[in-house]
Amino acid sequence: MSRLLPILLITPLLCLAARDAPSGELNGQDLKAACQRALKKDFSGLDGQFCAWYVRPCACDIPGPEDEKAICLPAAATDAQLARDVIQGLEESPELLPQSPALAAETILARKYPCGVGAIEQ
């Protein structure tokens, strides 16, 4: 049940955000705005949950060989730090703004926190 809680909590936000998006789909711009609001509110509320959902991809927490994962987050990484990383990445790579929030966040985090051969120690 605890793994379903984020989905249950984020669903209303997704519906509200999709209502305002021209295509009805969320994108990197929505992620950036939600993360900026989450940082201001110390990750309380739906914006905090939405942002945390995307800046901490589930595959990062699955045990397994690092060379099979694209993203290896440092153990000490906080949602706030990851949100700042994603916001900065979106500002530096505006071509990710129209992409899905998942693709935008994963692309940015994979660049900053790669796994496997050649990964930089965090």
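This is a short tour of one protein chain, stop by stop.

**Before you start**

The model is predicted, so local features need pLDDT of at least 70, side-chain atom pairs count only at pLDDT 80 or more, and totals for chains, interfaces and linings use all residues. Residues are numbered from 1 along each chain as its sequence is written, and side-chain values use heavy atoms, with hydrogens and water left out.

**Stop 1: the whole chain**

Show the protein chain as a cartoon. Which elements does the protein chain have? There are 5 helices and 0 strands. From the N terminus on, the order reads α-α-α-α-α. Helices (H or I, at least four residues) and strands (E, at least two) are DSSP runs, numbered from the N terminus.

The chain has 122 residues, and 34% of them are buried. Buried means under 20% relative accessible area, exposed over 50%, and partly exposed in between (1.4 Å probe, protein chains only).

Contacts come next. A contact means heavy atoms within 4.5 Å. Take the contacts between residues at least 6 apart in sequence: 62% of these join residues at least 24 apart.

**Stop 2: α2 against α4**

Select helix α2, residues 28-40, and helix α4, residues 79-92. Their axes come within 10 Å and cross at roughly 140°. Axes are lines fitted to C-alpha atoms, for helices over the stretch in contact, and angles run from 0 to 180 degrees between N-to-C directions. That angle makes α2 oblique to α4. Angles under 35 degrees count as roughly parallel, over 145 as roughly antiparallel, 65 to 115 as roughly perpendicular and the rest as oblique.

The crossing of α2 past α4 is left-handed. A crossing is left-handed if the near helix is turned anticlockwise from the far one by less than a right angle, and right-handed if clockwise.

Show the side chains at this contact. On α2, pick G28, L31, K32, C35, Q36 and L39. On α4, pick A80, A83, R84, V86, I87, L90 and E91. By class there are 8 nonpolar, 2 polar and 3 charged residues. Ala, Val, Leu, Ile, Met, Phe, Trp, Tyr, Cys and Pro count as nonpolar, Asp, Glu, Lys and Arg as charged, and the others, Gly among them, as polar.

**Stop 3: K32**

Stay on helix α2 and centre on K32. Is K32 buried or exposed? K32 is buried, because its relative accessible area is 15%. Leaving out residues up to four places away in sequence, K32 touches I87, L90, E91 and L97. K32 and Q88 are 56 residues apart along the chain, yet their C-alpha atoms are separated by 9.0 Å.

**Stop 4: α2 against α3**

The axes of α2 and α3 are 8 Å apart, at an angle of about 120°. The two helices are therefore oblique to each other. Here too, α2 passes α3 in a left-handed crossing.

Which residues of α2 make the contact? They are D30, L31, A34, C35, R37 and A38. From α3 come D47, G48, F50, C51, Y54 and V55. The contact of α2 with α3 divides into 8 nonpolar, 1 polar and 3 charged residues.

Zoom in on R37, in helix α2. R37 counts as partly exposed, at 37% relative accessibility. R37 and C51 are 14 residues apart in sequence and 9.1 Å apart in space, C-alpha to C-alpha.

**Stop 5: the loop between α2 and α3**

Select D42 and F43, both placed in the loop between α2 and α3. Most residues other than glycine have a negative phi. The phi of D42 is near 55°, a positive value. F43 also has a positive phi, near 60°. D42 counts as exposed, at 67% relative accessibility.

**Stop 6: α3 against α5**

Show F50, Y54 and V55 of α3 with P101, A102, A105 and L109 of α5. This contact has 7 nonpolar, no polar and no charged residues.

**Stop 7: N27**

Finish at N27, in the loop between α1 (5-20) and α2. What does N27 touch, not counting residues up to four places away in sequence? Its contacts are L97, P98, Q99, S100 and P101. Last, select L103: N27 and L103 are 76 residues apart along the chain, and their C-alpha atoms are separated by 8.9 Å.
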